[in-house]
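Dear colleague,

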Amino acid sequence: MADVRFLLSGDSSVTVEFGNEISPAVNARVRAFTIALEERKLPGIVEVVPTYRSLMVHYDPGVIRYDPLVKELKGLLGQLSHIQIPPSDVLEIPVLYGGEAGPDLNFVAEHNHKTPEEVVKIHTSTEYLIYMLGFTPGFTYLGGMSEEIAAPRLKQPRVKIPAGSVGIAGSQTGVYPIDSPGGWQLIGKTPVRMYDPDRAEPILPKAGEYIKFYAIDQKEFDAIAAQEAAGAYVCKRHPRKEGAQ
Amino acid sequence: MSITVLNPGLLTTVQDMGRVGYQQFGVSVSGVMDPRAAATANILVGNPEDEAVLECTMLGPQLRFDAANTIALTGGDLMATLDGQSLPTYRAIAVQAGQTLRFQAPKTGCRTYIAFTGGLDIPEVMGSRSTYLKAKIGGFQGRKLEKGDVIGFRAPGTPKNLNERYIYPEFIPRPVYTIRVVMGPQDDAFTQQGIATFLGETYSVTNEFDRMGCRMDGPVIQHVTDGNIISDGIAFGAIQVPTEGKPIIMMADRQTTGGYTKIANVISADFRLLGQLKAGDKVKFEKVSIQEAQQALLNQRAALRTLRRAL
């Protein structure tokens, strides 16, 4: 853990940096440290923000000052190998691909000399690592999409993309959690609410988990949407198997 | 038991001390831009420091009181009047039903806070009453106030010793504001010359300043390579310097994460200045140690406790 850096980020935050690359291995260390720190329940920690390769720790200097905090964090790092870190969950996200729900599916297919069915097959075959959330509530930065279905952003961004839209931009994929403008190629839409401010747990995905998309038809879409509207839908999750793709 | 918005002003929003605990999910903290002023306004009217207040920007609103209550105005002076009578800042004021609060023009600073005894009847969203404009949640229906809005009081009243609840206005405009910073997290992405420029030169606030960030103009701050990093967390007051070399100070509605180098971070005790900056204001950054920064914050909290006891 000698390569871990503590970066001053104002008088009430410190960034614990585990590396300088975007990789599942570095992100796994961020996740492990986040879990260990949450379990430690250190007085004065206000909240933590895991990102690709670091963890920002927001704290109250009225409870714990910088030097003792860093000492605690270093101590925790030293014990990290002894702490049991549970496997990440895989969040199963149903998607209605193509048609009105995914107006750019055909473009993404043509761009890659594939059929729309092949694009859907590739898009649903991967467990995408949620490196971090940011940008808007519930927006996930996912890793692991196949270059075979990569596509450039729209030249003219759309003014309003409905919440739940699933898109591709370059070799990134993701879900729009709220209505927003955007330039991603839209290949489908999920009826699942990634974000609902009135829910007990407002945001569904968590950094360090994985997302796996699966295809549904209009009827299933409507059924899930109705359950979501009634606040009764529970998104499927399962612990990830080691070495799964 | 309410106020009616006759004119919303430029940008008037409900804010408290922010929505804490959801940054890891991409939810901005929001909250008041000048926490010291908002806390002081609350103390003056007998509220907890973190009660929700109205944050008024540059051109204040016109509010008709449909019920009596006690208010205090703090922060910048936007020249308030009550039924035409000019009002002091930093003083608890009894307002009667039927009276109208107006603001004429900004005299000092950028933002005035209006605290109401007993707080405003605004539902909490994710633990906070703060308006988060981008995600359209919190505050009054997730947006800035508009003409015709009616906001209820939760527990209007008169705090004890009403006539003694005042202090000297704390916000004093200056030709150049000295704003203290702690260096980092990416100060190593800048050349020695770049650091010297940042700490030695004067920067001015451009027209692009809002609740998300404050873009500054001034001499270019030199990077070792460029201003891009792998996205990481952003604290309130973080000073981003993208490749073009001009600082952007990240404010209450900032995104939770970002991919630009952050040379330094404004210290919490100086958010009271940061929250009052407006276009054209000049700023010099002064480096302090983390220990000094934290001590300054604790001193400020102690001053607020002393004020509460003194009233």
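**Notes on chain B and its partner**

B:Pro185 sits in the loop of chain B that runs between strand 12 (177–183) and helix 2 (192–200). Please keep in mind throughout that this is a predicted model. The peptide bond that joins B:Gly184 to B:Pro185 is cis, with an omega of about 10 degrees.

Two further loop residues of chain B deserve a look for their backbone angles. B:Asp83, which is found in the loop between strand 6 (80–82) and strand 7 (85–86) of chain B, has a positive phi of about 50 degrees although it is not a glycine. Is B:Asp83 buried or exposed? B:Asp83 has 12 other C-beta atoms within 10 Å, and because a residue with 12 or fewer counts as exposed, B:Asp83 is exposed. B:Asn161, likewise a residue other than glycine, has a positive phi near 55 degrees, and its place is in the loop between strand 11 (150–152) and strand 12 of chain B. With 11 other C-beta atoms within 10 Å, B:Asn161 is exposed.

Turning to the helices, helix 1 (residues 35–44) of chain B and helix 4 (residues 290–310) of chain B have axes that come within 10 Å and cross at roughly 15 degrees. Because angles under 35 degrees count as roughly parallel, helix 1 of chain B is described as roughly parallel to helix 4 of chain B. The crossing of helix 1 of chain B and helix 4 of chain B is right-handed. Which residues make the contact? Helix 1 of chain B contributes B:Arg36, B:Ala39, B:Thr40 and B:Ile43, while helix 4 of chain B contributes B:Gln300, B:Leu304, B:Leu307 and B:Arg308. By class, the residues of this contact of helix 1 with helix 4 of chain B comprise four nonpolar, two polar and two charged.

Finally, there is the interface between the chains, where 37 residues of chain A are in contact with 35 residues of chain B. On the side of chain A that touches chain B, at least two residues each come from strand 1 (5–8), strand 2 (13–17), strand 3 (45–50), strand 4 (54–59) and strand 6 (128–133) of chain A. Strand 3 of chain A gives the most to this side, with five residues. The side of chain A that touches chain B divides by class into 21 nonpolar, twelve polar and four charged residues.

With best wishes

Notes
Residues numbered from 1 in each chain as written. Chains lettered and ligands numbered in written order. Predicted model: local features only at pLDDT ≥ 70, side-chain atom pairs only at ≥ 80, totals over all residues. Axes fitted to C-alpha atoms, helices over the stretch in contact; angles between N-to-C directions. Helix = DSSP H or I, 4+ residues; strand = E, 2+ residues; numbered from the N terminus. Parallel < 35°, antiparallel > 145°, perpendicular 65-115°, else oblique. Left-handed = near helix turned anticlockwise from the far one by under 90°. Contact = placed C-beta atoms within 7 Å. Nonpolar A, V, L, I, M, F, W, Y, C, P; charged D, E, K, R; others polar. Buried ≥ 20, exposed ≤ 12 C-beta atoms within 10 Å, placed from the backbone.
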